[in-house]
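Here are my notes on the model you sent over. Have it open while you read, and go through the points in order.

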Amino acid sequence: MYITISASTLTELNKITTLLETVMASRLFYTKTATFQQLEGLQSVLPRGEKILSQKRNLDSSTAALTFPFVSSELVQDSGILYGVNKSNNSLVIIDRFSLHNANSIVFAQSGSGKSYTAKVEILRQLMQGTKVILIDPEREYKQLAKSVNGTYIKLSATSKEKINPFDLSLNSDDSLSTHVQDLTDIISLMGDGLNAEEKAVLDKAILKTYKDHGISMTKSKKNATYPLLKDLQKTLKELGQKSLCRRLEKFTKGSLSSVFNSQTNIKLDNRLIIFDIKDLSESLRQIMMVVLSNFVYNQVKSNPQKRMLVIDEGWMLLQHEESARFVAGLTRRARKYYLGVCIISQQANDFLNSEYGKAIASQSSLRILMRQDTTTIKKVASEFNLSEYEQKFLLTCERGEALIIADQNHVAVKIIASEKEHPLITTDPAERYLSRESTN
């Protein structure tokens with residue numbers, strides 16, 4: 001392997017040569033300067049295929065393979081958005097998630113690795129491509145983004161005016177009610193701290209009866225039918241003699257949380273970016289609200305399919321209970337039919353992949369974005385995504401904003417980069433935002 005070094009002065013040439021020899025020696029490469037053979041060396045490196053120096057050395061096959069570092073993976077699709085710069089060859093990484101097997105994605109990263117920043121970069125560029133984005137924000141990290149692009153920012157809490165009725169559904173699909181009843185059963189089960197098989201069977205019957213009492217059935221529905229509320233289901237359960245279930249739902253219909261899930265929906269998904277802020281809810285309620293919101297979005301999407309993304313930050317919360325985990329796993333499986341891409345962002349890679357439903361979500365996601373991991377998570381991540389030794393080392397040592405992107409079967413190391421105009425819109429660094437305002441003034 002011949003290496004040509006160029007420099008403007010002899011001193012600079014000697015300095016670079018010494019530096020290169022040191023670096024090569026540290027990697028167990030034996031180097032030899034072509035002293036008094038500069039002409040033969042020059043002729044050998046010209047693109048003529050002539051080996052004038054005739055320096056030979058026997059190598060085994062694995063060592064010889066290391067001398068060909070010039071072939072690297074590229075990921076450039078005809079359409080899509082720019083994710084960043086390829087770390088191997090400085091080419092651009094352009095991906096259209098909607099051209100993959102499905103439009104779902106997962107993002108795994110340690111805290112502080114830049115996962116939210118990466119999500120914001122993608123959201124901005126998806127918006128420019130005409131994709132509508134709906135985001136569930138448990139930590140209030142996307143408020144600035146909504147303000148930057150005139151998105152709709154909805155703060156959901158026990159005192160907020162915006163409401164979502166879990167009983168809302170789309171009546172434009174033949175399987176809407178049957179599918180929705182199963183999803184609603186999981187939501188009610190979460191509210192009731194888990195139900196056994198007998199209780200779920202009774203609940204299924206009660207939900208169908210409640211809908212029928214409001215003019216909605218499996219076969220036909222009234223044109224002006226109104227959706228029932230949680231208190232209507234509680235009334236039906238009382239008629240069926242289910243006192244235990246009624247008591248468990250009491251706090252959501254008459255107690256301190258009666259204003260959260262017991263009102264008709266007054267929200268419309270009519271903006272290109274909609275962010276639901278659920279930070280003011282308690283952690284146990286956040287999980288329920290995540291499922292309710294996801295179900296609401298899914299039902300709205302079914303009635304009007306178009307290019308959309310549903311982004312769920314801190315997705316590990318959904319795996320804490322079987323009902324919510326099963327729901328989101330089913331959502332990722334069904335989303336493709338309605339032109340919806342579900343993006344799950346999580347920093348708990350081990351907990352996520354140790355769950356049966358977490359593995360199902362990962363397998364149903366054609367786009368995987370893996371950012372910095374630590375030694376406690378790398379083995380599980382490497383096993384799940386079949387990573388090479390080099391890729392594992394990269395994930396253990398990569399800097400903030402660097403990621404390994406897996407799109408179907410393509411693996412590419414990438415540096416996520418925002419433009420100068422994008423960065424002020426998405427950064428949450430207080431110092432940077434202050435400096436940005438100062439320069440604007």
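1. Is D408 buried, partly exposed or exposed? D408 is partly exposed, at a relative accessible area of 22%. For the cut-offs, buried means under 20% relative accessible area, exposed means over 50%, and partly exposed is in between (1.4 Å probe, protein chains only). You'll find D408 in the loop between β10 (402–407) and β11 (410–415). Its phi is near 55 degrees, a positive value in a residue other than glycine.

2. Before going further, some ground rules. This is a predicted model, where local features need pLDDT of at least 70 and side-chain atom pairs count only at pLDDT 80 or more, while totals for chains, interfaces and linings use all residues. Residues are numbered from 1 along each chain as its sequence is written, and side-chain values use heavy atoms, with hydrogens and water left out. Helices (H or I, at least four residues) and strands (E, at least two) are DSSP runs, numbered from the N terminus.

3. R140 also deserves a look. It sits in the loop between β4 and α5 (143–148), and its phi, too, is a positive value near 55 degrees in a residue other than glycine. R140 is partly exposed, with a relative accessible area of 28%.

4. Now for strand β6 (residues 273–277), where 5 of 5 residues are buried. Both faces are covered: L273, I275 and D277 are on one side, and I274 and F276 on the other. β6 runs parallel to β4 (residues 132–137), joined by 5 bridges, and V133 stands opposite L273. β6 also pairs in the parallel sense with β5 (residues 152–155) over 4 bridges, with Y153 as the bridge partner of I275. Pairing here requires at least two DSSP bridges between the strands.

5. F276 comes up again in the largest nonpolar core, which has 81 residues. Such a core is a set of buried Ala, Val, Leu, Ile, Met, Phe, Trp, Tyr and Cys residues joined through side-chain atoms within 4.5 Å. Those with the most contacts inside it include F276, M191, L233 and F261. Its largest share, 11 residues, comes from α11. Apart from this core lies another, of 38 residues, among them Y83, A103, I405 and A407.

6. Helix α11 (residues 283–303) also holds N295, which counts as buried at 2% relative accessibility. Not counting residues up to four places away in sequence, N295 touches P166, H180, D183, I187 and F327. Contact means heavy atoms within 4.5 Å.

7. On helix α14 (residues 356–363), the buried residues are G358, I361 and A362. They are on the same side of α14 because they cover an arc of only 100 degrees around the axis, taken from the directions from the helix axis to the C-beta atoms. Among the elements they pack against are β3 (105–108), α12 (322–334) and β9 (367–370). S355 caps the N-terminal end, with a side-chain oxygen 3.2 Å from the backbone nitrogen of Y357.

8. Last, D204 in helix α7 (residues 197–213) is partly exposed, at 22% relative accessible area. Leaving aside neighbours within four places in sequence, D204 is in contact with V181 and Q182. A polar contact of 3.3 Å joins the side chains of D204 and Q182. That term means a pair of N or O atoms within 3.5 Å; within protein, one must be able to donate a hydrogen and the other to accept it, and residues adjacent in sequence count only if both atoms are side-chain atoms.
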